[in-house]
Amino acid sequence: MKTALCDKFGIEYPIFGFTPSEEVAAAISRAGGLGVLGCVRFNEPDELDGVLEWMHENTDGKPFGVDVVMPAKIPTEGSKTDLDTMIPPEHRAFVERTLDDLGVPPLPDGGDRVNTGVLGWLHSVARSHVDIAMEHTRKYGQIKLIANALGSPPEDVIGIAHDNGVAVAALAGAKEHALHHIESGVDIVIAQGYEGGGHTGEVTSMVLWPELVDAVGEAPVLAAGGVGDGRQIAAAVALGAQGVWMGTYWLTAAEYNLGAHREGEPSTVQQALLSATSRDTVRRRIYSGKPARLLKTAWTDAWDAADAPDPLPMPLQNLLVGEAHARISASDDPRVVAMPAGQIVGRCNSITPVQELVDGLVADYRAAVERMNATLR
C-alpha cells in the first residue's frame, strides 16, 4: 500500500489518522501511518506544548501532524466571558433542563463554567496552536502536516507552514471548496463525504471522491468519510485518491484513553460506540454550530424535540454546550454521550490496539487489490 504521499511524508502507508488522543496519534505514526493530533481541545498553549513534547518522545522519530479549527476569514471575537454574554438565556435554560431530565449530575465541586468551554474553536486560540506547532517543527522536524477542519486556513498561516517545510491540508465537501483550497495554496484536499463523523457536507463519499480528484488535477486527494476497512482504501485509490483520512475508526482503539474510567476497560464513550450500528448517527448543528455527524444518543434526541431551541452559530454553540459536554463525560453514562462519529461506527465492534487495526487495513487492502487484479484478462 504505497502512493506518492508515502514518499512525501516518509511514511509506510498512506493512512492519515485523525484523533484527539495523543496516545492513538503516536501509535498510528509508529504503525506506519501519519497520526494527526486534533488540537481543538487545548484551551491553554502550555497544555498543547506539553502534549507535543510527549508526541516527540513517543513516536520513535516518525512524522506526525496536527489538526486545527481555523476559518479563512478572521472573525470578530472577544474573550470567552464576552462571548458568553451573547448566548440567549433560553438556550442556557434548555441545556440545564435537559441535563436534569437526563440525570446528568453537576461537575465535581460545582465545576467552573469559565474553563469548561472549548476555546479551540476561536480563531485566536487556533492560531496559537499553529504557532506552537511551528516552534516544535523548527526544534524537532517531526510535524509534517497541518490540517484545517474549516476549509482553507488564512493565507499567512499557509505561508508560515510552507516556510517551515510543513504541508497544509484542508477538508472539502464540495467541488467549489476543493478548488478554493488549491487556489489558496493548500497542498492536500481531504474529500470528506457525507458519511463521515464531525463536520460534513451533503455529498456521499463514492460520488465526492472522484469528483474532487477530477477537479483538482495533480493535487493529491485524501479520501475521507466512512473509511473503516482496507477494501474501502482500495476503492478510494481506484477512484484516484492518494490515501485516506480516517477518524471514527480509531475511537475504539485500545490506546484511546480519554475519559477512560477504569484501567483496561472501555471508556464511557467507547461503550456507546461499541453498541452502535451504522444507522445510529445523526447530522446536526448542536455540537459546534455547523453541521456535524454525531452518535445518536439521548442528548441528540433532546435537541430534536419540538421545544428545543435552534442551535447557535459557531463558536457560541460550542461555548453553550461546553460545560454540558464536560458534565456528560464525567457522568459515566453511555446513553447521553455527546460525540462526533461517522457511519463507519457500525464496524467499531471491539477494543483493538492501533497496530492490529493498521495491520488489518493493509491485509484487507492487499486482498482487495489481488481480487481486482484477477479480473484483468
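Student: Which residues of helix 5 meet helix 14?

Tutor: In this predicted model, His91, Arg92, Val95, Glu96, Leu99 and Asp100 of helix 5 meet Leu320, Ala324, Arg327 and Ile328 of helix 14, where contact means heavy atoms within 4.5 Å. Helices are DSSP runs (H or I, at least four residues) and strands are DSSP runs as well (E, at least two), numbered from the N terminus.

Student: What should I know about the numbering and the limits of such a model?

Tutor: Residues are numbered from 1 along each chain as its sequence is written. Local features need pLDDT of at least 70 and side-chain atom pairs count only at pLDDT 80 or more, whereas totals for chains, interfaces and linings use all residues, and side-chain values use heavy atoms, with hydrogens and water left out.

Student: Why is helix 5 called roughly parallel to helix 14?

Tutor: Helix 5 (residues 89–101) and helix 14 (residues 316–331) pack at an angle of about 10 degrees, with their axes 10 Å apart. Axes are lines fitted to C-alpha atoms, for helices over the stretch in contact, and angles run from 0 to 180 degrees between N-to-C directions. Angles under 35 degrees count as roughly parallel, over 145 as roughly antiparallel, 65 to 115 as roughly perpendicular and the rest as oblique, and therefore helix 5 is roughly parallel to helix 14.

Student: What makes up the contact of helix 7 with helix 8, by class?

Tutor: The contact of helix 7 with helix 8 has five nonpolar, no polar and two charged residues, given that Ala, Val, Leu, Ile, Met, Phe, Trp, Tyr, Cys and Pro count as nonpolar, Asp, Glu, Lys and Arg as charged, and the others, Gly among them, as polar. The axes of helix 7 (residues 123–140) and helix 8 (residues 155–163) come within 11 Å and cross at roughly 10 degrees, so helix 7 is roughly parallel to helix 8.

Student: How do you know whether Thr200 is buried or exposed?

Tutor: Buried means under 20% relative accessible area, exposed over 50%, and partly exposed in between (1.4 Å probe, protein chains only). Thr200 has 10% relative accessibility and therefore counts as buried. Thr200 lies in the loop between strand 7 (198–199) and helix 10.

Student: What makes the pairing of Thr200 with Arg283 a polar contact?

Tutor: Their side chains are joined at 3.0 Å, and a polar contact is a pair of N or O atoms within 3.5 Å; within protein, one must be able to donate a hydrogen and the other to accept it, and residues adjacent in sequence count only if both atoms are side-chain atoms.

Student: Why is Ser184 called buried, and why is Arg231 called partly exposed?

Tutor: Ser184, in helix 9 (residues 175–184), counts as buried because its relative accessibility is 17%. Arg231, in helix 11, has a relative accessible area of 44% and is therefore partly exposed.

Student: What makes a set of residues a nonpolar core, and which residues have the most contacts inside the largest one?

Tutor: A nonpolar core is a set of buried Ala, Val, Leu, Ile, Met, Phe, Trp, Tyr and Cys residues joined through side-chain atoms within 4.5 Å. The largest here has 46 residues, and Ile15, Trp250 and Val354 have the most contacts inside it. Helix 15 gives the largest share of this core, seven residues.
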